Each structure stands twice: as C-alpha cells, then as structure tokens.
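The points proceed from the overall fold to the ligand and then to individual residues.

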Amino acid sequence: MKFFIDTADVGEIRELAQTGLVDGVTTNPSLIAKSGRPMAEVIREICEVVDGPVSAEVTATDFETMLKEGHYLAAIASNVAVKVPLTVDGLKTCKALSDEGTQVNVTLCFSAAQALLAAKAGATFVSPFVGRLDDIGADGMELIEDIVQIYGVYDFPTEVLVASVRGPNHVVQAAKMGAGVATLPPSVLRQMYNHPLTDKGLAAFLADWKKTGQSIL
Ligand code: E4P
C-alpha cells in the first residue's frame with residue numbers, strides 16, 4: 001500500500017519524506033490557500049522533494065479551461081498528477097489528459113457509480129472521500145469496499161486513493177480492503193507511528209540497559 005501526504009506545507013513534506021515512508025503528495029485548492037503561497041511555486045518545490053506523484057488540482061469548471069490548466073500544471077514537473085473534480089467536464093478532461101500520457105487523479109468521488117466513470121475515463125487515481133461521507137452519517141469505508149470490488153472484477157488499472165482520511169483506523173481498514181493508496185494528513189501519519197506503549201516500553205528497556213554498564217559500540 002502506498003502512502004501519500006495530504007498537505008501543501010513543504011516543510012512538513014520535507015520532514016516526513018525523510019522517514020522514507022512517503023510515496024507521493026496530494027494537494028487541493030483549500031490546502032494551497034492554507035499555505036498562503038503561489039500554487040506553481042509550491043507544486044514545483046514539492047516535486048523536488050518527492051519522486052512519486054504530486055496531485056495539483058485544476059480550478060476551472062469547463063472542459064476547455066480545465067484542459068489548459070491541466071497542461072500548465074503537468075508542465076511544472078514530470079511527476080505532477082493533474083487533479084480534476086468528478087464532474088462531466090472533469091471526466092472529459094481526465095480522458096483527454098490520460099490519452100496524452102498525463103497522470104490524472106479524479107477527486108471528490110462519493111459513489112461507486114462515479115468511481116466506475118473515473119476508471120472508464122482512464123484515471124490513474126480515483127479519490128473517494130471517506131471522512132466527508134462519515135461526516136454526513138454515511139459509511140465511507142463501505143464505498144472503498146465497493147470500488148475495490150468493482151475495479152477488481154474488471155481489472156481496471158485505476159488506483160483507489162483513499163482520501164479525506166481522519167485517523168489510522170481508516171488506513172488500516174483501507175489496507176484490509178486492498179486499496180492501493182491512502183493520502184494522509186501529516187498528523188495521521190504521526191499517529192500511525194507514535195504509540196504510548198512503544199514510548200513506555202522503550203524507556204524501560206533503556207533504563208535496564210543503563211544498569212548493565214554496557215554499550216554496543
Ligand atoms: C485529497 O486528495 C483530498 O483533497 C483530501 O483528502 C480532502 O480531505 P478533507 O476532507 O479532510 O478536506
């Protein structure tokens with residue numbers, strides 16, 4: 001399973017990339033706005049830090065302008081994945097860009113029917129938003145299960161990129177279902193590797209070790 005980081009904060013990405021656990025990055029217009037920086041500059045910097053796909057989202061809503069924005073974003077670096085919303089114009093843009101060999105991430109997916117269309121449009125990734133579905137009382141993980149099943153039946157190459165992740169449990173459930181990618185807010189990746197029992201256990205081991213007076217090197 002691949003882990004992407006869901007942020008436009010280059011400092012956070014630099015720090016987390018050093019763990020060797022980061023396979024890519026996703027951004028969206030809200031995350032770019034939060035960074036307070038020019039989009040092209042941020043995407044260029046992220047692409048220098050991370051070798052894997054870096055999602056950069058178009059902001060137009062009509063096919064012609066989306067396609068132009070997609071070309072502009074894809075030219076920033078070879079690892080840019082152009083992100084388009086799951087609308088008719090977004091799907092048309094996805095088809096056109098993927099036919100040209102550009103990676104495309106179809107975002108704002110909230111149903112299995114939408115995910116089926118994204119795969120048929122040649123998406124590299126489809127991003128179902130599990131947290132936002134949970135927020136309205138639906139079951140986000142059930143959607144992941146459905147998409148993984150459907151894509152498996154038809155052997156679609158589109159990767160299921162689990163988005164709007166709220167905690168480690170979403171990631172573990174997605175892994176059990178066989179989703180290919182999860183995009184994690186930095187805090188969720190940290191929650192995954194931090195555990196109070198690990199800290200407590202390590203402190204006890206080191207205290208006992210100190211008593212021996214030994215050193216390994
Ligand atoms: C990822 O591609 C999405 O932009 C992101 O996961 C959305 O998450 P949110 O629902 O926490 O804003």
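1. The protein contains eleven helices and eight strands; helices (H or I, at least four residues) and strands (E, at least two) are DSSP runs numbered from the N terminus. Its C-alpha atoms fill a box of roughly 70 × 35 × 30 Å along the principal axes. Of the 217 residues, 45% count as buried, where buried means under 20% relative accessible area, exposed means over 50%, and partly exposed lies in between (1.4 Å probe, protein chains only).

2. This is a predicted model, in which local features need pLDDT of at least 70 and side-chain atom pairs count only at pLDDT 80 or more, while totals for chains, interfaces and linings use all residues. Residues are numbered from 1 along each chain as its sequence is written, and side-chain values use heavy atoms, with hydrogens and water left out.

3. The ligand sits in the largest pocket. A pocket here is an open set of points on a 1 Å grid over the protein atoms alone, where a 1.4 Å probe fits, with protein on both sides within 12 Å along at least five of seven lines; a molecule sits in it if more than half of its atoms lie within 2 Å of its grid points.

4. Which residues are around the ligand? They are D6, T26, N28, K83, F129, R132, A163, S164, R166 and T183, each with a heavy atom within 4 Å of the ligand. This shell divides into two nonpolar, four polar and four charged residues. In that division Ala, Val, Leu, Ile, Met, Phe, Trp, Tyr, Cys and Pro count as nonpolar, Asp, Glu, Lys and Arg as charged, and the others, Gly among them, as polar.

5. An N or O atom in the side chain of K83 is 2.6 Å from a ligand oxygen. For N28, a polar side-chain atom lies 2.7 Å from an oxygen atom of the ligand, and for R132 the corresponding distance to a ligand oxygen is 2.7 Å. The protein covers 85% of the 340 Å² of accessible area that the ligand has on its own, as computed by the Shrake-Rupley method with a 1.4 Å probe.

6. The loop between strand 1 (2–6) and helix 1 (10–17) holds T7 and also D9. T7 counts as buried because its relative accessibility is 8%, whereas D9, at 37%, counts as partly exposed. The side chain of T7 reaches the backbone nitrogen of D9 at 3.0 Å. In turn, a polar side-chain atom of D9 lies 3.1 Å from the backbone nitrogen of E12. D9 and G36 are 27 residues apart along the chain, with their C-alpha atoms separated by 9.7 Å.

7. S55 belongs to strand 3 (residues 54–57) and is buried, because its relative accessibility is 1%. Its side chain is joined to that of N105 by a polar contact of 3.1 Å; such a contact is a pair of N or O atoms within 3.5 Å, and within protein one must be able to donate a hydrogen and the other to accept it, residues adjacent in sequence counting only if both atoms are side-chain atoms.

8. Two further loop residues may be set side by side. Is A179 buried or exposed? Located between helix 9 (168–177) and strand 8 (181–184), A179 counts as buried because its relative accessibility is 5%. I136, in the loop between helix 7 (130–135) and helix 8 (140–154), is exposed, with a relative accessible area of 69%.

Notes: 1 Å grid on protein atoms, 1.4 Å probe; cavity = no way out; pocket = protein on both sides within 12 Å on 5 of 7 lines; lining within 4 Å.
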